[in-house]
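Student: I have a new model open on my screen and would like to learn how to read it. Could you walk me through it?

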Amino acid sequence: MENVTGNSSRVFEGHYSDLGDWKRGDVDYFVVPQRWEDYTEEEHAIWRDLYHRQMEILPGRAISLFMDNLKELGINDSQIPDFDEVNKVLMKKTGWKIVGVPGPIPVEPFFELLANRMFPVGTFIRTRDQFDYIQEPDVFHDLFGHVPILADPVFADYIEAYGRGGLKAADHNAVYMIGRLYWYTVEFGLIQEPEGLRIYGAGILSSPTESVFSLDSDSPNRVKFDVKRLLRSRFFIDDFQDTYHVIENFEELFEATKPDFLPYYEEVRELPTIQPTELIDSDIVLHKGTGEYAKKAAENRAARKKQKQEAAEKADK
Ligand code: PHE
Ligand code: CO
């Protein structure tokens, strides 16, 4: 029985884009207990294998604090970490805590958790079939990818401020703009450390292929981080990034996002959207990409779209 009722069985237990009767202030409306005892041996083994795979790749690629913080937080290869144990350390370091969620949650409750220094972590883990790619963030992406840098005091403050900014953006039809900032920093950001270019974005840190691609490939652009530019920058969720945005340090992120964004939103609304592969005149270009991968990806996307259309036409007949 135990093998069938693992936490993975909870992946699609509801409509997570559905707000239900959530209202602002219901901070833990979407929070669920981790039920750590319910993970099966196989689920712990999947964690272990994902962990080992990243550890082969990340030394010398991940931001330098990453390895130390993993260790300090007790996030290791032995098993899926118990949230309560991680929280004992994390709360002391930065006042953040992680809370369980059943899957992706709607954006406003998400912002509200962040504004209260609570980071939502999917309690489920992907299956072996999803080993290489999973769209819904699972415990490996959320915990391994996001939590180590939440133990950094400056980054911790940045994410809290982001959560508050997100709620404000929601009141001004600007979620799509502030979402782009999250995407290109928290999820796919690079940082220039004295020893070299490193990864701090969780979407990269939890992906073996993008960990290599983001730093080593000639295909993507790498440009210096610029807040207003990012608010205009569209992204594709299901492929490698065509442009990576590089910060010098977390203070830069925190300082650049301090101003009131409302005038930024008004300004950006009047400007054209910047496409993922596109560079603009004001960009400080660290590496101009060949765009080789982007070209292939665009062809794949077009082929998928065509396939879908043909299938739909057939079904119509
Ligand atoms: N200062 C931003 C605002 O007024 C909020 C924000 C903080 C946005 C941090 C992003 C990151 O909207
Ligand atoms: Co994420």
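Tutor: The labels come from DSSP runs numbered from the N terminus, where helices are H or I runs of at least four residues and strands are E runs of at least two. Please keep in mind that this is a predicted model, in which local features need pLDDT of at least 70, side-chain atom pairs count only at pLDDT 80 or more, and totals for chains, interfaces and linings use all residues. Residues are numbered from 1 along each chain as its sequence is written, while chains are lettered from A and ligands numbered from 1 in the order in which they are written.

Student: In which sense do E3 and E6 pair, and over how many bridges?

Tutor: As a general idea, strands of a sheet pair through backbone hydrogen bonds, either parallel or antiparallel. Here E3 and E6 pair in the parallel sense, over 2 bridges. Two strands count as paired if DSSP finds at least two bridges between them.

Student: What does E6 do with E5?

Tutor: Strand E5 (residues 221-224) runs parallel to strand E6 (residues 243-247), and 4 bridges join them. Val223 has His245 as its bridge partner in E6, and Lys224 is partnered by Val246.

Student: And how do E3 and E4 pair?

Tutor: Those two are antiparallel, with 4 bridges. A hairpin of 2 residues links E3 to E4, and Gln192 stands opposite Leu197 in E4.

Student: What is the order of the strands in the sheet?

Tutor: The order is E4-E3-E6-E5-E7: 5 strands in an open sheet with mixed pairing. At the edges are strand E4 (196-199) and strand E7 (285-287), each pairing on one side only. On average, neighbouring strands are turned by 35° against each other, direction ignored. Helix H9 (residues 208-216) packs on this sheet and touches strand E3 (190-193), E4 and E6, its direction making about 150° with that of E4.

Student: How should I read the packing of two helices?

Tutor: Two packed helices are described by the angle between their axes and the distance between the axes. The axes are lines fitted to C-alpha atoms, for helices over the stretch in contact, and angles run from 0 to 180 degrees between N-to-C directions. H6 and helix H7 (residues 175-187) pack at about 155°, with axes 8 Å apart.

Student: Which residues of H6 and H7 meet?

Tutor: Tyr162, Gly165, Gly166, Ala169 and Ala170 in H6 meet Val175, Met177, Ile178 and Tyr182 in H7. Contact means that C-beta atoms, placed from the backbone, lie within 7 Å. By class, this contact has 7 nonpolar, 2 polar and no charged residues. Ala, Val, Leu, Ile, Met, Phe, Trp, Tyr, Cys and Pro count as nonpolar, Asp, Glu, Lys and Arg as charged, and the others, Gly among them, as polar.

Student: What surrounds ligand 1?

Tutor: Its shell includes Ala161, Tyr162, Lys168, Asp260 and Phe261. A residue is near the ligand if its C-beta atom, placed from the backbone, lies within 6 Å of it. Helix H6 (residues 153-170) gives the most to this shell, with 4 residues. By class, the shell around ligand 1 has 5 nonpolar, 2 polar and 3 charged residues.

Methods:
Contact = placed C-beta atoms within 7 Å.
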